Amino acid sequence: MRRPVASVLRRGESGLIRRVLLFAAAALAAPCADLPRADACAEEAASSDVYARSWSQDRGDSLRRSAVDVEPVRSEPVELWSRDLGTLQADPVTMGAFTFVAAGKKLHAIETRTGRVADAKLLPGPEAGSLAASEGVVVAAVGDSVRGFRFDGARFDSPWTTAVREASGIVIAGRCVFIPTGRCTTRMLDLATGRTLLQSLEIGRSLAVAPHPEGWLVAGTGRGESILGDPIEIARTLEVSVPAGRPVQARNARTAGVGLPGSPVISGFRRHWFSLFFVFDGGNHEKFQRGSRHFSWTLDTTDAPGTSYAYKPYGSSDLARRAPAVWKDDVWFVGEDGTLLSSPASGGSPRLRFDSLPAGAVSGPVTVARGVVHCGNWSFDPAIGKSLWVLDDADPAHPVVPAADGVVVYRTPQGRIAARADRIVVAELAAAPKSGTAGAADPSPAELLALLARPDVSVTLEGAEAAADAAAETLLLRVVGGSAVHRGEERHAERMLRASLDARWVGELLALAEDAAKREMPTDALKLIEEAARHGLDAERRSAVELPLRARKDHPQTSLRRAPFDAEVAARRSVQGELIRGAGARCAEFGWRAAATVLYAAAIEVDPSSELPAGLAIHGLVPAALADRKDAAALWRRWAAELVPASGELLARDDPAFVRGTGRPGGAKMAVGVRSPNLLLFCGVDDPRIVGQCVRNGEWTVRALRELLEVGGKDRVEGDQERMEVRIHATRREYLADPVPGGVPEWSAGLFYSGDNVSRFYVSERGQASRADPLGRGLFKVLAHELTHHYLSMRWCRAEGIRTLRSPESPGFWVFEGIARFVEDQVVEMDRRGLRFDDATAQCVDVAAQAASTKLSFHGGRLVSMSYAEFMRLSAEPVESVKLRHSQSEPALSELAVFYDEAGALCFYLVNGRGSDGRRRFVKYLRDAYAGRTQSDGWTTLGFDSAGALDRGFRGFLTGTIR
């Protein structure tokens, strides 16, 4: 039953809960009779979806890069399911929403997110050697035969069988199956029928296959000359072509002058060139005594000579005899000592060496999920330079397979197949309505617009009593007694409108795709499904509707059928575009310029025939702050996209807040001002990326503190006087020159001064862009730290009625810097992890765990009882360095540095390690500290019998983080 229009609409930060789409699948179409071809344009195919979302075969895809484009598991993974299916015979592969496992002499299809076994098929004969799955077919090498099972999303169909002696290492590329025989030859089969297309390619063992302008490029090994009387294998590539009207052909493309290669990987593929990598073993031959190393060549398929070179990523470091993984511009290897290594795909200087393995980590095969690297049983995120988690029940000899967004599948040492997922995925699965249960339907775009409009009632934007409700931040509208007393923030309205509009458009696109399929136009249908995925179609549903279409061909008279179909598509695009423009117009009426601009841009994306009404929309929405810019419209679109997530607005130069903020001493050089729900932010640079990220991180900080401290609506903002002022200077020199009583400390990167309610920072150095950190995360961490002080002193204490009566001699100073250190480490990742405080890989926890065994470590009792006066006597002189577990950092520790990190880690322990009672006691202690009521035996307030009990509990927690 649909909810009444005037009801309260609540939504979490993840936006609207998607409707549950039932899994439906149709029978696969009959295979085409003619020979399969590579994509008509290999360049287009390579650029459209280079990193496939399915782990379709050993090492991921036909190019053997061991990398897929799915969302990685970023937090400590939670077990989804575990299955004992008998002896596992091959590593798992995935296709759409399913994971396929050969075990107990059966082929099993398992729903990746639920663990439900959808179907199982007997694999007669010897054990399966390898699996691959693509285009609705699962292929298994079983003894001296290869079997292909069609799978329609519910059950396996009768298989085709082809006799292939010593079949191993299946590779599926397009609609072709390449089967190495172990004799340096390869069979090429039709995926749909198993029919042999090419009997014997003079190339074998481990293969990598890439699309080629006329067919396929196959890399592997071929027979070579003898060395010291022993036959060897050589690195080789073949061009396998399917010329029009002629049989399949193959010609030699390149042969390398090295012996005993294996594990090829193709990278950087373009129409006429690619890079090819081998890790090869020199064996016992005198000529190759240098052991394992990396060999690479770049092949130009136009004239085929190429350039070859051999190198080791790190000087004399031997590589483990495992295949590398390639993600974009980086090649990832494992050293013989378990070290994780990275080098540019083009050669040259090394990029990274990670040898600080977490406790319990064992390096093994390397796999990559959207840039996050799995190495054996542990994971590493190079974007932030930290190891993320260790799978204590994974067999590191086998790969961790990124099976779906936020889900990994792996073998256990006991031979079970198991899946773990990011906690966000688990929460989403738990919140999703069960099949067959009734639930309230999501409001339609029209309902949402009607709620926002409500012309019959007056709407109070801020300061209403209803806004004191803790849920006010997630309310779009609240109607009490026929009056709208609260309307949500701009970001909530834009997100909910976009989610509702996207949900409607996904339904329209799927209906159009179904129509195209009925007209025998599968190519058009697949393009519409791809567009639906960009608007929120989930991977499971996408795989269900795509599988039946992949094997079909367009009708010969498609060009004649397309005109009426294109007219229907255009008509539906026009309707959807009008709906989105209507949502934008409504937001514009409410003064939500950024949301309106983003929605107008979305309307153009859906309906390219429409244009932004230049005079009425864009110039009416561009804020006065940009009105005099020649590129005002384009520039405002950039700003709008950055500001919407924080409900921010650019300040005009005559805005009283801008005049006041820039008129203060030290504020004259501010280039831009932004007002958001909790901040007035002024910045000396007008880069939308930097300013936008600062505003968002500032809002994250306030929201995190409000959630952590359960503030509710007691700290609501009544106007600019209640907002926290932030000043970000363009340079460090200007920052140090900002006139603050007593001066800005030379060593500081940020400063909150309560006398004028301003937090100060600077952009240069910490904020400058770099390849590893394009937005300067150092600036954002410092900003979160100082804004924590700012919020607690100026907003929280006022909301709680706390009179700050602290004395320099009062014990408990640790909690002031500790909570700021704790929050800065958690907030900097909240744009990726959500509103959570449980990232145990945080640097303060890591440093505290390593420092616990040094003489610099503070006993828990001493840390809790220290006063500000004692803190000021701590030395900032570095004494010794420690190697961290979760990053490559080796910080030089001083008394002062250890104080900050142990204080932050103690906050983490009290908030996350002692349950709800521990968090409640921590908040009480914080309240007492700001009120000046802390005692030297503050451990009793925190729930410990003695200082020793606090110390044992805290140190036990730290020890647990490095085991």
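I call a residue buried when its relative accessible area is under 20%, and exposed when it is over 50%. The model is predicted.

Entry one: helix 6. I checked its length first. Helix 6 covers residues 539-550, 12 residues in total. At 1.5 Å a residue the helix should span 16 Å, and I find its end C-alpha atoms 16 Å apart, which agrees.

How many of the 12 residues of helix 6 are buried? I get nine, so the helix is largely enclosed by the rest of the structure. I list them as Arg541, Arg542, Ser543, Ala544, Val545, Glu546, Leu547, Pro548 and Leu549.

Next I looked up what these buried residues pack against. The partners are strand 3 (93-95), helix 4 (490-518) and helix 5 (522-534).

I also looked at the N-terminal end of helix 6, which Asp538 caps. A side-chain oxygen of Asp538 lies 2.8 Å from the backbone nitrogen of Arg541. Arg541 is also on my buried list.

Most residues other than glycine have a negative phi. Ser647 has a phi of about 50°. For Glu710, phi is near 50°.

Where do they lie? I place Ser647 in the loop between helix 10 (632-643) and strand 36 (649-650). Glu710 lies in the loop between helix 12 (688-709) and strand 39 (724-729).

Is Ser647 buried or exposed? Its relative accessible area is 11%, so I score Ser647 as buried. Glu710 comes out at 64%, so I score Glu710 as exposed.

Key: Residues are numbered from 1 along each chain as its sequence is written. This is a predicted model: local features need pLDDT of at least 70, side-chain atom pairs count only at pLDDT 80 or more; totals for chains, interfaces and linings use all residues. Side-chain values use heavy atoms; hydrogens and water are left out. Helices (H or I, at least four residues) and strands (E, at least two) are DSSP runs, numbered from the N terminus. The expected span of a helix is 1.5 Å times one less than its number of residues. Buried means under 20% relative accessible area, exposed over 50%, partly exposed in between (1.4 Å probe, protein chains only). Contact means heavy atoms within 4.5 Å. A polar contact is a pair of N or O atoms within 3.5 Å; within protein, one must be able to donate a hydrogen and the other to accept it, and residues adjacent in sequence count only if both atoms are side-chain atoms.
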